[in-house]
Amino acid sequence: CGQSGLQRGDFDDHMNKICPKMEILCSSADIQCSWKGQREQLDEHLSTCAFNSLRYVIIPLVTENSEFKEQIIEMKDQIDELRNDSQQLRERTNRLAIQADTYQRENQRLQEQIVQLQLQPLRKLYR
């Protein structure tokens, strides 16, 4: 830029914060403005930058969008947990259904044995 008398320790600070010839991004680059130019041209650009003039509208929307994305991630995690719980419950229900069927067959067999035992005295009488 032609400025003279800079000490070495001040050079980086000059380049990053002050130098009018340093190429920089628009201050609205964080909301997708693609302008890139010399620092001394920034004010002129900002006067016509649509992103800069809509910044007060865009920033809350971007923030809200980020919050929604976080909520979606949390909800996806919850859905995965619920699917896992559901699968475990289905497996347990299947095991319990098999066990209930086994108990029903055993109950039926025992009832038939009871009937046979109740009929034994009558059979002895009729022999």
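How many salt bridges does a search of the whole structure find? The search finds four, a salt bridge being a side-chain nitrogen of Lys or Arg within 4 Å of a carboxyl oxygen of Asp or Glu. The model is predicted, so local features need pLDDT of at least 70, side-chain atom pairs count only at pLDDT 80 or more, and totals for chains, interfaces and linings use all residues. Residues are numbered from 1 along each chain as its sequence is written, and side-chain values use heavy atoms, with hydrogens and water left out.

One of these bridges joins Glu40 to Lys21, with the closest N and O atoms 2.8 Å apart. It links distant parts of the chain, 19 residues apart. Glu40 sits in the loop between strand S2 (36–38) and helix H2 (42–46). Lys21 lies in the loop between helix H1 (8–18) and strand S1 (23–25). Helices (H or I, at least four residues) and strands (E, at least two) are DSSP runs, numbered from the N terminus.

Now the domains. The assignment, automatic or from a database, gives domain 1 (1–48) and domain 2 (55–117). Four residues from each domain make the contact, meaning heavy atoms within 4.5 Å. About 290 Å² is buried between the two domains, 58% of it from carbon and sulfur atoms. Buried area is the accessible area (1.4 Å probe) that two parts lose on being put together, summed over both. On the domain 1 side, Ser28, Asp30 and Ile31 lose the most area, together 93% of what that side buries. One salt bridge is counted between the domains. Arg55 and Asp30 meet in a salt bridge at 2.9 Å, N to O.

Helix H4 (residues 55–125) has 71 residues. Its first and last C-alpha atoms are 103 Å apart, close to the expected 105 Å, which is 1.5 Å times one less than the number of residues. H4 bends by about 30 degrees at Leu119, and Pro121 follows within four residues. That bend is the angle between axes fitted to the seven residues ending there and the seven starting there.
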